[in-house]
Amino acid sequence: MPGHVFGRTTKGVLPVAARGEGCYIIDSSGKRYLDGSGGAAVSCLGHSDAGLRAALHAQLDALAFAHTGFFTSEPAESLADALAAHAPEGIERVYLVSGGSEAVEAAIKLARQYFLEIGQPQRHRVIARRQSYHGNTLGALAAGGNAWRRAQFAPLLVETSHIAPCYEYRDRQEDETQEAYGQRAADELEAEIRRLGPETVMAFIAEPVVGATAGAVPAVPGYLKRIRQICDRHGVLLILDEVMCGMGRTGHLFACEEDGVAPDMITIAKGLGAGYQPVGALLASGRIYGAIAAGSGFFQHGHTYMGHAMAAAAAGAVLDAILGRGLLARVREQGAKLDAALRAEFGQHPHVGDIRGRGLFRGIELVEDRAGKTPFDPARKLHAQIKKLAFEAGLICYPMGGTIDGQRGDHILLAPPFIIE
Ligand code: PLP
C-alpha cells in the first residue's frame, strides 16, 4: 500500500497492529508497545476504551439508517452544541468535517467567504509561520511552512506568506527577556501585514503549541495576546489550528484558553475522534456566521460525510469522557510528572537542548552540542535510529524534524493517552 502511513510503503516494513489495551498496542507477533505518541496526538483515551466502545456500539445499534445526506442526526447536533458550549468566548458555530486538513481548508474558505460577504473582496492573502504544518490539502499545504513542499504545488496554492514562528529555545537571544522576544516575534506579523497591505490580508493562522514540526513548542506568554491585538488592528481574522494541541492535550479543552485568547476560528481533529473515527471540526465566531447568514446564507464547503452520525457519536463520547472523567486535571497532573521525569532523566544529557510542552504534549529538542545549540548532522539519520531503538524497546515515540525552511531542528514528540500511569 504505497501512500499509506505517511506516504511510505507499508508491507513488510511496519509491524501489523493486532489489538490495543489501554496505553499499549500489541502487534501480530504478540509484542507489546507502550504508546507514547498516541498515533501523533490522536488516541487521547488510549486503546479499547470501554466507554467509547459502548457509545459506538449503542450508536450502531440505534442507527436505523446508513447515511442521511439531507437530514441531520442527534449525535451531530449534540456534538456541535457541546463544542460550542465549551469553546472560548465569541466562538458559537461548529462545522463538522472529516479531519484536520479539511478543517483548515474549510477555515481558509470561510475566511474568504466572510470577506466577500462583507464587501471586502480584495482580502485574499493568508499569513502563516515558517516551519509549521497545517495539513496536506491545497489550502492547508499553502499555509504550511515547508517551502520545499509548497514549491512543488506552487501554481495551485492560496497566496500565503510566512513569518518566523515563536521558537523560544532556537530563537530567543541570551540578553532578551521572554516578553521582549514575544513582542519581537509578534512584531513580525504586523510588519508583514503592512508590507502586503492590510486591505489584502484575510487571515493569520498559527498553532498555539506547535506540534509536528517543532515538538510541542508553546507560544511564549503574551505572544498570542499580541497577535490577537494586531489582527484586530488590521481587520485580519485569527485562525488557531488546534488539530494537534486541542481537545484537552494541553490540560485545557482548547490550548488557547491558557493564553486567555479567543480567536475567530479554531480547527480541531485528531483527539476529537480519539482514533475511533475520522472526524474534525471548524469552530467559528458568531460574527463570521452572522455575515454568511445575512449574505448568501450558505457556506460553500460541503462533503458527503459531513456530520456523519458514527463519527459524531464517537466525538461526543470523547468529549463526555474528557469532561466527565476529570481528564483535563489528570492531563495537567500527569503532564507535570512527565515533565519532571524527562528533566530528571535527560535534563543534563549532552544531546538534549530543551524539554518543553504543556500537559501531555511534550517535546525534547535534540542537538549535537547543547552549549552552542548546534543542530544534529543530518548524515547521522537520527530519527530513523531513535525510532528503531524505541520500537525494539517497545516504546512508540514520535521523532521528527530535519531541515525545514532552511532551519535544522530535531525533536522527539511525546503525546501519550490521557490515561497513562
Ligand atoms: N493541523 C495540524 C496542526 C496538524 O498537526 C495536522 C496533522 O498532523 C493537520 C492540521 C492535518 O490533519 P489531518 O492529518 O487530520 O488532515
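This is a predicted model: local features need pLDDT of at least 70, side-chain atom pairs count only at pLDDT 80 or more; totals for chains, interfaces and linings use all residues.

Modeller: In helix H3, the buried residues are Leu-52, Ala-55 and Gln-59. Viewed down the axis of H3, these buried residues fall within an arc of 60°, so they line one face of the helix.

H3 runs over residues 50-62 and has 13 residues. From its first C-alpha to its last, H3 reaches 18 Å, close to the 18 Å expected at 1.5 Å a residue. The face of H3 turned away from its buried side carries the exposed residues Ala-50, Ala-54, His-57, Ala-58, Leu-60 and Asp-61. On the buried side, the packing partners of H3 are helix H4 (74-86) and helix H14 (309-324).

In the contact between them, 33 residues of domain 1 meet 33 residues of domain 2. On the side of domain 1 that touches domain 2, at least two residues each come from helix H2 (38-41), helix H15 (327-346), strand S13 (352-358), strand S14 (361-369), strand S17 (398-404) and strand S18 (407-414). By class, that side of domain 1 has 15 nonpolar, ten polar and eight charged residues.

The buried residues of H9 are Gly-182, Ala-185, Ala-186, Leu-189 and Ile-193. Down the axis of H9 they fall within an arc of 95°, so they line one face of the helix. Ala-191, Arg-194 and Arg-195 are exposed on the other side of H9. The buried residues of H9 pack against strand S5 (125-129), strand S6 (160-163), strand S7 (201-206) and helix H10 (223-234). After H9 comes Gly-197, with a positive phi near 100°.

Next, the ligand. Its shell has 15 residues, of which Gly-99, Gly-100, Ser-101, Gly-135 and Val-243 come nearest. Helix H5 (residues 100-117) gives the most to this shell, with three residues. By class, the shell divides into seven nonpolar, six polar and two charged residues.

Tyr-114 also belongs to H5. Tyr-114 counts as buried because 26 other C-beta atoms lie within 10 Å, where 20 or more are needed. Residues up to four places away in sequence aside, Tyr-114 touches Ile-288, Ala-291 and Ile-292. Leu-45 is 69 residues from Tyr-114 along the chain, and their C-alpha atoms are separated by 36 Å.

Val-209, in strand S8 (residues 209-210), is likewise buried, with 25 other C-beta atoms within 10 Å. Neighbours within four places in sequence aside, its contacts are Ala-216, Val-217, Pro-218, Cys-245, Thr-250, Ala-255, Arg-358 and Phe-361. The C-alpha atoms of Val-209 and Pro-165 are separated by 11 Å, and the two residues are 44 residues apart along the chain.

Terms used
Residues are numbered from 1 along each chain as its sequence is written. A residue is near a molecule or strand if its C-beta atom, placed from the backbone, lies within 6 Å of it. Helices (H or I, at least four residues) and strands (E, at least two) are DSSP runs, numbered from the N terminus. Ala, Val, Leu, Ile, Met, Phe, Trp, Tyr, Cys and Pro count as nonpolar, Asp, Glu, Lys and Arg as charged, and the others, Gly among them, as polar. The expected span of a helix is 1.5 Å times one less than its number of residues. A residue is buried if 20 or more other C-beta atoms lie within 10 Å of its own, exposed if 12 or fewer, and partly exposed in between; C-beta atoms are placed from the backbone. The arc is that of the directions from the helix axis to the C-beta atoms. Two residues are in contact if their C-beta atoms, placed from the backbone, lie within 7 Å.
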